[in-house]
Amino acid sequence: MRKRRTSIALFFGLMAWSVCMIGQHPEHISLDGDWQFREEDSLKWLQATVPGTVHTDLLALKRIPDPYIGLNEKAVQWIEERNWEYRKTFLLSPAQIQNTQSEFVFEGLDTYCDVLLNGKLLGHCDNMHRRWVFDGKNDLKPAKMSWF
């Protein structure tokens, strides 16, 4: 049986995404809000909201029926069979990049997912019910930053 894997980008139960910059001026940067997502291998990226799930994003875009109404739950079972990718682009100032440490903290990821920063794998996740922290210091870039 093939494990479904989500690429981070992110997915399911994203509660609090953040970048913690530690240096002369420690700060916490929330990555909640506007994201993009797509089904793996699709060319079209769609609007997503974090925290959230692929189900809530598809529902908001009116691409699935409300799974809590009638027998609609059966009609949306296909979502769990697919692989999904989420991404976010964000900017950091040169001062933020100069911090001595930059951690990416995730408070709820899909059970199986990969976390990438600027194309580099930061880690594999295999448990939704824990906090994940990744060191991203060596993968920060001074200009545009993006997941995926």
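Some ground rules. Residues are numbered from 1 along each chain as its sequence is written, and side-chain values use heavy atoms, with hydrogens and water left out. In this predicted model, local features need pLDDT of at least 70 and side-chain atom pairs count only at pLDDT 80 or more, while totals for chains, interfaces and linings use all residues.

Let's start with strand β4, residues 33-39. Strands here are DSSP runs of E, at least two residues long, and helices are runs of H or I, at least four long; both are numbered from the N terminus. Two strands pair if DSSP finds at least two bridges between them.

Which strands pair with β4? One is β5, residues 46-50. Five bridges join β4 and β5, and they run antiparallel. The other is β6, residues 84-87, joined to β4 by four bridges, also antiparallel. Look at Gln 36. It stands opposite Gln 47 in β5. Gln 36 also stands opposite Arg 87 in β6.

Now the turn. The hairpin of β4 and β5 has six residues between the strands. There, Asp 41 takes a positive phi near 75 degrees.

Next, Arg 38, again in β4. Is Arg 38 buried or exposed? Buried means under 20% relative accessible area, exposed means over 50%, and partly exposed is in between, with a 1.4 Å probe and protein chains only. Arg 38 has 13%, so it is buried. What does its side chain reach? The backbone oxygen of Ser 42, at 3.0 Å. The side chain of Arg 38 also makes a polar contact with the side chain of Glu 85, at 2.8 Å. A polar contact is a pair of N or O atoms within 3.5 Å; within protein, one must be able to donate a hydrogen and the other to accept it, and residues adjacent in sequence count only if both atoms are side-chain atoms.

Asp 32 lies in the loop between β3 (27-30) and β4. Its relative accessible area is 30%, so Asp 32 is partly exposed. Asp 32 and Pro 51 are 19 residues apart along the chain, yet their C-alpha atoms are separated by 6.2 Å.

For Cys 113, the nearest cysteine sulfur is that of Cys 125, 3.9 Å away. Cys 113 has 0% relative accessibility, so it counts as buried. Cys 125, at 1%, counts as buried too.

Asn 118 sits in the loop between β9 (113-117) and β10 (120-125). At 18% relative accessibility, Asn 118 counts as buried. A polar atom of its side chain lies 2.9 Å from the backbone oxygen of Asp 139.

Last, the largest pocket. A pocket is an open set of points on a 1 Å grid over the protein atoms alone, where a 1.4 Å probe fits, with protein on both sides within 12 Å along at least five of seven lines; lining residues have an atom within 4 Å of a point. The largest pocket holds about 200 Å³ of space. Its lining includes His 55, Tyr 68 and Glu 80. Which element gives the largest share of that lining? Helix α1, residues 54-60, with three residues.

How values were computed:
Grid points are joined across faces, edges and corners, and a volume is the space filled by probe spheres set on the points. A disulfide is a pair of cysteine sulfur atoms within 2.5 Å.
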